[in-house]
Amino acid sequence: MAKGRCFQLDAQKLLFLFSLAMVCLSLYTLLSDRGHKNASGDIHANSLATSSGAPDVTSTDATDQEWTATRRLPQALIIGVKKGGTRALLEFLRLHPDVRAAGSEPHFFDRHYDRGLDWYMSLMPKALEGQIVMEKTPRYFVSVDSPARVHAMSHKVKLIIVVRDPITRAISDYAQIVSKTPGVASFKTLCFRNGSGGGGVEVNSQWSPLWIGLYARHLERWLTYFPLAQMHVVHGERLVRDPAGEMARVQDFLGLERIITDKHFYFNQTKGFPCLKKPEGSSQPHCLGLTKGRAHPQVQEEVIRRLKDFYRPHNLRFYELVGQDFGWQ
């Protein structure tokens, strides 16, 4: 009786092992056939790619490319304006993990265009797929040749312009000139052709600090190559008063997630503009350099009044072009 029961158990074990062996054999056959078909398909696909001149890129290679940083031409440019707040804007944008920006101003489209796009691209930082590469050169906005040259590089590039009251901007520009060239003539002398604010004297609109503030004239040149929808005008005064709000609009324009918020800023009473709270990789708050926020010279009220009269029609035209009233009186 015991022997029969043992025999019965041995038979059950043999049957189980036999069944397991058959399952394993079936799986092996199935996987072998599939591997053979895939290999044949890969060989066929590779032969087609080779015959058509296309590179042999597998799905693994594509994944690797997504995580490989490469240099490429910028998708966004901060084109102006000088002394408008472009440096602050770029520093704020650097906080975003999906923004990669060139360190210094390349001046490619206004000064170094003859060096070619390969040279220009070599100045750009490496970026991952999905990151935005950008640079800032405020001189582009007023450069006659820059709009056509930028369009030749890319008709899809996004353009950012930071503007502020042209009179305040001109005084700031003059303050920078004085810091670099001691003994330069007074602001009033340079503003007017005959060196006086009296009646009958014309504003010297060819003087660079005043000429840059003719925003409408410069913008019209860009609008011949790019639609307004591809441009974003940053309100320079609002960038100081409400950096988080202005940065939200910039991030929306660039198609970025709103990561830069009010938690990143504090207002520096000494400098008179916002600074960053402990940027990534630093344990200390960060403000722009000593050259930013320098004191402006005192300018006579009569000079300010005449400049307001001069700029008024130009400002109104600019408001009309961009569809926004900046409130410069």
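In strand E3, the bridge partner of Arg 100 is Val 133, where strands (E, at least two residues) and helices (H or I, at least four residues) are DSSP runs numbered from the N terminus. The structure is a predicted model, in which local features need pLDDT of at least 70 and side-chain atom pairs count only at pLDDT 80 or more, while totals for chains, interfaces and linings use all residues. Residues are numbered from 1 along each chain as its sequence is written, and side-chain values use heavy atoms, with hydrogens and water left out.

**The sheet**

- Five strands form an open sheet, described by "5 strands" in the order E2-E3-E1-E4-E5 with parallel pairing; two strands pair if DSSP finds at least two bridges between them.
- The edges of this sheet are strand E2 (99–101) and strand E5 (231–235), each of which pairs on one side only, and the twist from one strand to the next averages 25°.
- Strands of a sheet pair through backbone hydrogen bonds, either parallel or antiparallel.
- E2 and strand E3 (residues 132–136) run parallel and are joined by 3 bridges, with Val 99 standing opposite Ile 132 in E3.
- E1 and E3 also pair in the parallel sense, over 3 bridges, and here Leu 77 stands opposite Glu 135 in E3.
- E4 and E5, which run parallel, are joined by 5 bridges, and Val 163 stands opposite His 235 in E5.

**Buried strands**

- Because 5 of the 5 residues of E3 are buried, this strand is largely enclosed by the rest of the structure; buried means under 20% relative accessible area, exposed means over 50%, and partly exposed lies in between (1.4 Å probe, protein chains only).
- From E3, Ile 132, Met 134 and Lys 136 point one way and Val 133 and Glu 135 the other way, and all are buried.
- E5 is mostly covered, with 5 of its 5 residues buried: Met 231, Val 233 and His 235 point one way, whereas His 232 and Val 234 point the other way.
- In a regular strand the side chains alternate between the two faces of the sheet.

**Helices H3 and H11**

- The axes of helix H3 (residues 86–93) and helix H11 (residues 243–254) come within 11 Å and cross at roughly 70°; axes are lines fitted to C-alpha atoms, for helices over the stretch in contact, and angles run from 0 to 180 degrees between N-to-C directions.
- Leu 89, Phe 92 and Leu 93 in H3 meet Pro 243, Met 247, Val 250 and Leu 254 in H11, contact meaning heavy atoms within 4.5 Å.
- The residues of this contact divide into 7 nonpolar, no polar and no charged; Ala, Val, Leu, Ile, Met, Phe, Trp, Tyr, Cys and Pro count as nonpolar, Asp, Glu, Lys and Arg as charged, and the others, Gly among them, as polar.
- H3 is mostly covered, since 7 of its 8 residues are buried, and these buried residues are Thr 86, Ala 88, Leu 89, Leu 90, Glu 91, Phe 92 and Leu 93.

**Nonpolar cores**

- The largest nonpolar core has 33 residues, and those with the most contacts inside it are Phe 141, Leu 159, Val 163, Trp 222 and Phe 318; such a core is a set of buried Ala, Val, Leu, Ile, Met, Phe, Trp, Tyr and Cys residues joined through side-chain atoms within 4.5 Å.
- At least two residues of this core are supplied by each of E1, helix H5 (146–153), E4, helix H9 (215–223), E5 and helix H12 (301–322).
- A second, separate core of 25 residues includes Ala 88, Val 234, Ala 244 and Leu 256.

- Asp 173 lies in helix H6 (residues 166–180) and counts as buried at 1% relative accessibility.
- Not counting residues up to four places away in sequence, Asp 173 touches Lys 82, Lys 83, Pro 209 and Ile 212.
- Arg 71, in the loop between helix H2 (59–66) and E1, counts as partly exposed at 40% relative accessibility.
- The C-alpha atoms of Arg 71 and Leu 128 are separated by 8.9 Å, although the two residues are 57 residues apart along the chain.
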